[in-house]
Amino acid sequence: MTRIQDVGEFEAIRRLLAARPKVQGVVVGSGDDAAVLTPEPGMELVVTTDTFVEGRHWRSEWIGAHALGARLSAANLSDLAAMAARPQWAVVSYGMRRDHDLEDLLAFDAGLSLALVADGAGLVGGNFAAVDGPEWFGLTLFGACAPDRAWRRSGARASDAIAVTGSPGRAAAGLQLAQRFGLPDAAAWWAPLFEAWAAPRSRVGFARSIAAIDAVRAAIDVSDGFAADLGHLCDASAVGAEIDAWPPDPLIERAADELGVSIEALRFGAGDDYELALAVAPPARARCESIARDANVPLTWVGHFTANPSERTWIDSEGARRSLPRSGWDHFTQR
């Protein structure tokens, strides 16, 4: 194994830069003191950032370096998808121990780069820092959208339909099963649940296609938990929400039984799904469904927004009205 301390900071950087793909709109890229970029005239800049901390966001025995890089990209890409923005450039910071495997570093950077390139973005700079404790990786992603065209959390109206991409709750189920039983093998019934946690799918292309038809009035990235993130959207839009038609998911149901928790705890609670919750104008439902089919993105209609801002309810399988949980992932209250 070649460690970073064996080759030094600048040789490690040289090897990273040699492997990175070229990016459009870059006047001066990686390798100088700062990047010089050329934004498209008349476009607005959209910026997001995420940091993954060892032991908090990942465990090395669960996820390889390449997959971890792709997952960090997915976290940032999901935020831009929630704004219907087009990803363009990213900068990354590495906090690594001196004995970090150089090949793992190159694999991480490759996973990061390939996931970004798939949505039209690329790395244009970054920074190294040596740490003695847990390692961390931080990514800042820049995107663009036309003026006043970015989706926001505000804008939902009473009677708008609530749509979600993917299957919120699967990532939480996969993570909890891994914590209890260790990694699944390929034949394990819950391997798709762990895959939902380890390799979330980008919704950028789908979001940009939906944005083109003016169907979405508000949107949010669902990564801290469906109920909590839906609550943030409701707060910003001054509306309430009723969840009344969530189709069953046999994998989540089996996971809930194995874990001894409720289906709703997985579906509505803290999770790492990196999906989207959308407020959709009712007349546009059919067109949204068509776009989702063409993009091979699961899209589920789960309820509607209401005029009462304090209403956050769901209808259970027996028709009883229950309150949605208000809690989701919180870095400073959960361990």
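A charge is taken to sit over a ring when NZ of Lys or CZ of Arg is within 6 Å of the ring centre and within 35 degrees of the ring normal. The charged end of R71 sits in this way over the ring of W197, 4.3 Å from its centre.

The structure is a predicted model, in which local features need pLDDT of at least 70 and side-chain atom pairs count only at pLDDT 80 or more, while totals for chains, interfaces and linings use all residues. Residues are numbered from 1 along each chain as its sequence is written, and side-chain values use heavy atoms, with hydrogens and water left out.

**Aromatic pairs**

Rings of Phe, Tyr and Trp (its six-membered ring) pair if their centres lie within 6.5 Å, and planes under 30 degrees apart count as stacked, over 60 as edge-to-face and the rest as tilted. By this rule there are eleven aromatic pairs. In one of them, the ring centres of Y94 and F137 are 5.7 Å apart and the planes stand at 85 degrees, so the pair is edge-to-face. This pair links distant parts of the chain, with Y94 in strand β4 and F137 in strand β6 (residues 136-145), 43 residues apart; helices (H or I, at least four residues) and strands (E, at least two) are DSSP runs, numbered from the N terminus. Y94 is buried at 1% relative accessibility, and F137 is buried with a relative accessible area of 3%, where buried means under 20% relative accessible area, exposed over 50% and partly exposed in between (1.4 Å probe, protein chains only). W58, Y94, F108, F128 and F137 form one aromatic cluster.

**Salt bridges**

A salt bridge is a side-chain nitrogen of Lys or Arg within 4 Å of a carboxyl oxygen of Asp or Glu, and the count by this rule comes to 17.

| Salt bridge | N to O distance |
|---|---|
| R14 and E11 | 2.8 Å |
| R86 and E40 | 2.0 Å |
| R98 and D132 | 3.1 Å |

R14 and E11 both lie in helix α2 (residues 9-19), three residues apart, about one turn of the helix, and E11, R14 and R15 are linked in a network of salt bridges. R14 is partly exposed, with a relative accessible area of 47%, and E11 is partly exposed at 23% relative accessibility.

R86 forms its salt bridge with E40, and the pair links distant parts of the chain, R86 in strand β4 and E40 in the loop between β2 (36-37) and β3 (44-53), 46 residues apart. R86 counts as partly exposed at 24% relative accessibility, as does E40 at 36%.

R98 forms a salt bridge with D132; R98 lies in the loop between β4 and α4 and D132 in the loop between β5 (122-130) and β6, so the pair ties together parts that are 34 residues apart in sequence. R98 is partly exposed at 45% relative accessibility, whereas D132 is exposed at 69%.

**A buried charge without a salt bridge**

D101 is found in the loop between β4 (86-96) and α4 (102-118). D101 is buried yet has no salt bridge, and the nearest side chain of opposite charge, R15, is 8.7 Å away; Lys and Arg count as positive and Asp and Glu as negative, while His and the chain ends are not counted. A polar atom of the D101 side chain lies 3.0 Å from the backbone nitrogen of E103. Leaving aside residues up to four places away in sequence, D101 touches M1 and T2, contact meaning heavy atoms within 4.5 Å.

Methods
Polar contact = N/O pair within 3.5 Å; in protein donor to acceptor, adjacent residues only side chain to side chain.
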